[in-house]
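Have the model open beside you as you read.

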Amino acid sequence: MSENKEDTLASFQNITGIDDVGEAFSHLEAADWNLVEALSRVMPHEDAPLANPIQQLPEQAARNPVESTNGFRPPGYEELPGTSNAAAAAGFFAAALQNQNHNLQQNPQQRFPTSQLLAQLTSSINLDPASSQNNNQNVIAFNIHFNQQLYQIRLHSEATIEQLKRKIFDETSVPVCRQAIRGWPPSKASDAQQLGTRICNLDLAPENELILVDLTDDGFMDTEQDEVTQRVDKTFTIHIQFESDSPLTLSFPGRTKMQELKMNVYDIKSIPVRHQEWTGWPNGCDNETTLAQSGIELSHRFAVRSTAHAAQNNTNQHNNAFEVVTVDSESSADEFEDATDFNNAEYIFTDSPPAQPLNRHLIPNNTDDETSGSTQFVENYKSRYGDPHPEFFVGSLEAARQLACLRPAKERKLLAIYLHHGKSIVVNVFCDQLMKHESIIQTFKEKFVLYGWDMTYESNKDMFLSSLTACISSNASLTARNIKLDKLPAIMLVGKSRQLGSNCEVLSVIHGNIGLDDLLTRLIETCEMFEEQLQVEIRQEDERAARDQVKAEQDMAYQETLQADMAKDAAKRQKEASQLAERKRLETERAEEDARRESIRLVAQQSLPQEPSEQEAGTSKIRVRKPTGDFLERRFFTSNNLQDLLNFVTANGFLIEEYKLIRSWPRRDLTAIESSQTLETLKLYPQETVILEER
């Protein structure tokens, strides 16, 4: 906005006392920024004189016309160092009206047109930009955002932070000691924490957006820098209202810079960054400021105007006036929805609206629970509006939310909450024409889970708002509560994605005073935006599924290898155990065999007869050649039998069951003959050599 327009706007507000910037802006835009014409729109006309202007003017105006403002006091009037030219002009206008009506009482034929008074008024106002700037350069305006409300405070530039906080206390009842104010210029943030700092030293703009935080015991913050650090990784939901386009909702991490946000708007809306005029940023922000540093809330609303179309918009203002608003981060959603003008809606008033039936509600009063209320809503909707109709979900809101939002990203849908009101003048047109259109029905069926509720009765409305708070969020409940009757019925579009955070959020609200094409466009645009947000999550889910598949295959291969190794180890251990058992068995058998052999040997040794000496007669010398070639030698009596010889061999460790005793000539197996025969009988004397052979 140029300086001339800013001055004209300030003069218009001071004269009329209209505090709402959007309302004043709309009046001036409709008058093509002609101050006289704009004043004539809001001031009494010559064909409608004041019935009793003396009573309508304050007594102060009658006594001191210069200080009178015709019953209006400009914002921050008490803080101004002196009365401005605009205030004096307003007093002049009030006095002129008073004099005119006084003359009318004396002579009804004499009446000056209001336009003449306005001409006199504007001629008395110094609209020179330099002069206006000098009058207002010492006044700084603050828009304080707190608890879903906007508080406007104006202070002299020499005021201190303490005085500002006391003014905030007067407006919000938040004690000074508990006030944390965000939105100061980053370079002056530390100075703004000192109560004695003068606001003129903070490099502030004439109008500043600040956010107030009530520092309770649970929410105490040490420093602003600590808070910025905490907010860097949080997700900010940005709601953007455009001048002549559908609103846009985006989600970004706190580290996102303003320049990146503007580039995203350019990518989606094709508005070059240099042509984007933003409203709603706190003072001191620039393109390098991050969302965390800016001081905005996690959910914040902006208004964006394209300066490239400013000339064309100014040309068409007489026919298409639009309202410019300063966006409040916590303002109710219905203030910023891009609903088509009621009188311009495609289907509104094409035919006479059908008469409202006697029974306007779809859900009886004081319904016990959501499920029964939902069932009655669907039955009554079908009965009243007939076929075709959208397919409504029957059940609780929580069940509908789970069906729509708590599913894998590829299967996830938007939750569309249709809010019905029997007393709305457009409800029958909306349901009979828009909701019956095939494309609308098909879109709801493919892209949404549609849930309906009747807000006609306060008891049902309160119950449903409580359910919204529990199932969706408090912001969703507040949005539904703030939708005015003339905007109902309405459709709230709710979605869940990683970019929006872990909870469901309201993506858009479509009011009932809208045409078919606009309704279908809003539904499709919201779906496309939601699906675009889901693409990242779908890709992440696919990547995670691929990783899980690879991991599962690796785990399976590992388990198979592990089982094979375990089986191999078990077989090895079993084999070793078997071998050990076999060794033990063999050792046992060997020990038993050795014991048996030793026992046989001892018995044989004990049974040997005494060996005769060499001098004794009747002896025989027997030599036994072992398998190794060594010899065993012993003398026997010729009367000793063959068993004694065999016992001798056995006593030396050669068991007869393992060895044969062979006579060399003639060759004969001595172990195969009767062992009771004597050596003499067998002719084994006076000496003989026998051979041991293994069997």
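The helix to find is H21, whose buried residues pack against helix H20 (516–606), strand E13 (619–625), strand E14 (631–637), strand E15 (659–664) and strand E17 (687–694). Packing here rests on contact, which means heavy atoms within 4.5 Å. The helix and strand names stand for DSSP runs numbered from the N terminus: helices are H or I runs of at least four residues, and strands are E runs of at least two. Before going further, please note that this is a predicted model, in which local features need pLDDT of at least 70 and side-chain atom pairs count only at pLDDT 80 or more, while totals for chains, interfaces and linings use all residues. Residues are numbered from 1 along each chain as its sequence is written, and side-chain values use heavy atoms, with hydrogens and water left out.

H21 spans residues 642–651 and is mostly covered, with nine of its 10 residues buried. Buried means under 20% relative accessible area, exposed means over 50%, and partly exposed is in between (1.4 Å probe, protein chains only). Among the buried residues of H21 are Leu642, Leu645, Leu646, Phe648 and Val649, and also the polar Asp644 and Asn647. After the helix comes glycine 653, with a positive phi near 95°.

Two strands pair if DSSP finds at least two bridges between them. Strands of a sheet pair through backbone hydrogen bonds, either parallel or antiparallel.

E13 and E14 form a hairpin with five residues between them, and glycine 629 in the turn has a positive phi of about 100°. Threonine 628 lies in this loop between E13 and E14. Is threonine 628 buried or exposed? With a relative accessible area of 64%, threonine 628 is exposed. Its side chain is joined to that of aspartate 630 by a polar contact of 3.5 Å. A polar contact is a pair of N or O atoms within 3.5 Å; within protein, one must be able to donate a hydrogen and the other to accept it, and residues adjacent in sequence count only if both atoms are side-chain atoms. Threonine 628 and leucine 692 are 64 residues apart along the chain, yet their C-alpha atoms are separated by 9.6 Å.

Next, move to another sheet. This open sheet has four strands in the order E10-E9-E11-E12, with mixed pairing. Strand E10 (448–454) and strand E12 (505–511) are at its edges; each has a single partner strand, so one side of each is left without a neighbour in the sheet. On average, neighbouring strands of this sheet are turned by 20° against each other, direction ignored. Strand E9 (residues 414–420) and strand E11 (residues 490–495) pair in the antiparallel sense over five bridges, and tyrosine 418 stands opposite isoleucine 491 in E11.

Two helices pack on this sheet. Helix H14 (residues 370–385) touches E9 and E10, and its direction makes about 90° with that of E10. H20 touches E9, E10, E11 and E12, and its direction makes about 170° with that of E12. For these angles, axes are lines fitted to C-alpha atoms, for helices over the stretch in contact, and the angles run from 0 to 180 degrees between N-to-C directions.

Which residues have the most contacts inside the largest nonpolar core? They are Leu415, Tyr418 and Ile491, in a core of 78 residues. H20 gives the most to this core, with eight residues. Apart from it lies another core, of 21 residues, among them Ile622, Phe636, Leu642 and Phe654. A nonpolar core is a set of buried Ala, Val, Leu, Ile, Met, Phe, Trp, Tyr and Cys residues joined through side-chain atoms within 4.5 Å.

A last stop is serine 473, in the loop between helix H18 (458–471) and helix H19 (474–481). Serine 473 is buried, with a relative accessible area of 13%. Its side chain reaches the backbone nitrogen of alanine 476 at 3.2 Å.
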